[in-house]
Amino acid sequence: TPAAVAVVDSHAQLSYAELDARANRLAHQLQALGIGPDVRVAICMERSVDLIVALLATHKAGGAYVPLDPSYPQERLQYILDDSRAAVLCVDESTAGLLHTPLELPVLSVQVATATLDDPRACKGAVEPHHLAYIIYTSGSTGAPKGVMVEHRQVTRLFSATQPWFDFDERDVWTLFHSFAFDFSVWEIWGALLHGGRLVVVDRTTAHSPHAFYELLC
């Protein structure tokens, strides 16, 4: 159902066909920069439909994403960017220039990279189940944050194990309520897209207001 709505934020929405096309455009550029299996793409973006495009494009290119929530302290973000040894940094208009990046690190503006009107060919990376899907860093409460490396087979097991409990399908609406740098977001993002449902990206202000979030759910 390519015309079905895939992802929505407070300003825009994308159908599955639109999400796929935009992610393909970015994925081709990521592959041209050397992104492939187990190669990391750091993503520092605000909550939006473009954030979902960047995450999906990273997987289409075959890479693993490293989430950098711009609301986190800059010192933490800089540490994660350096420690993860990301090969590319994806940003949006509000986060461009937020971090110090070495000259050799390519920086892609997702809005610019996906602006072409031409529908691209499909982009698929040569990914196996044991390749990295993402790296999310711990809170660092016992010292420096540590990157936890999660493989594709571990993510797919999450959904194959829980599908009988909930009977997820294309009628479901999910919210991306948590920070995408927090592991519960994996359930929210990929649960919606895997089952053909609709993902509602909750902006930071709404997420911090119980009343506003309740209104959104209604």
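This is a predicted model: local features need pLDDT of at least 70, side-chain atom pairs count only at pLDDT 80 or more; totals for chains, interfaces and linings use all residues.
Where is the place of Glu-104? Glu-104 sits in the loop between β5 (88-91) and β6 (107-109), where helices (H or I, at least four residues) and strands (E, at least two) are DSSP runs numbered from the N terminus.

Residues are numbered from 1 along each chain as its sequence is written, and side-chain values use heavy atoms, with hydrogens and water left out.

Glu-104 and Val-88 are 16 residues apart in sequence, and their C-alpha atoms are 9.4 Å apart in space.

Asp-38, in the loop between α1 (16-32) and β3 (40-44), has a phi near 70°, which is a positive value in a residue other than glycine, and at 30% relative accessibility Asp-38 counts as partly exposed. Asp-167, in the loop between α5 (152-166) and β9 (173-176), also has a positive phi, near 55°, and Asp-167 is exposed, with a relative accessible area of 54%.

Let me turn now to the helices. Two packed helices are described by the angle between their axes and the distance between the axes. In this model, the axes of helix α2 (residues 49-61) and helix α6 (residues 184-194) come within 12 Å and cross at roughly 75°, the axes being lines fitted to C-alpha atoms, for helices over the stretch in contact, with angles that run from 0 to 180 degrees between N-to-C directions. That makes α2 roughly perpendicular to α6, on a scale where angles under 35 degrees count as roughly parallel, over 145 as roughly antiparallel, 65 to 115 as roughly perpendicular and the rest as oblique. Ile-52, Leu-55, Leu-56 and His-59 of α2 make the contact with Ile-189, Trp-190 and Leu-193 of α6, contact meaning heavy atoms within 4.5 Å. By class, this contact has six nonpolar residues, one polar and no charged; Ala, Val, Leu, Ile, Met, Phe, Trp, Tyr, Cys and Pro count as nonpolar, Asp, Glu, Lys and Arg as charged, and the others, Gly among them, as polar.

What, then, encloses α6? Nine of the eleven residues of α6 are buried, so the helix is largely enclosed by the rest of the structure, and the buried residues include Trp-187, Ile-189, Trp-190 and Leu-193. After α6 comes Gly-196, whose phi is positive, near 75°.

On a 1 Å grid over the protein atoms alone, a cavity is a set of points where a 1.4 Å probe fits but cannot get out, and a pocket is an open set with protein on both sides within 12 Å along at least five of seven lines, while lining residues have an atom within 4 Å of a point. Grid points are joined across faces, edges and corners, and a volume is the space filled by probe spheres set on the points.

The largest pocket holds about 560 Å³ of space. Of the 22 residues that line the largest pocket, Leu-56, His-59, His-152, Trp-190 and Leu-194 are the closest to its centre, and the elements that give two or more residues to this lining are α1, α2, β7, α5 and α6. The lining of the largest pocket divides into 14 nonpolar, four polar and four charged residues.

The second largest pocket has a volume of about 150 Å³, and β7 gives the most to its lining, with three residues. By class, the lining of the second largest pocket has eight nonpolar residues, one polar and two charged.

The largest cavity has about 50 Å³ of space, and its lining residues divide into three nonpolar, two polar and four charged. The second largest cavity has about 40 Å³ and is lined by Pro-67, Tyr-72, Arg-76, Ile-80, Ile-135, Ile-136, Tyr-137 and Ala-181, which divide into seven nonpolar, no polar and one charged.

Conventions. Buried means under 20% relative accessible area, exposed over 50%, partly exposed in between (1.4 Å probe, protein chains only).
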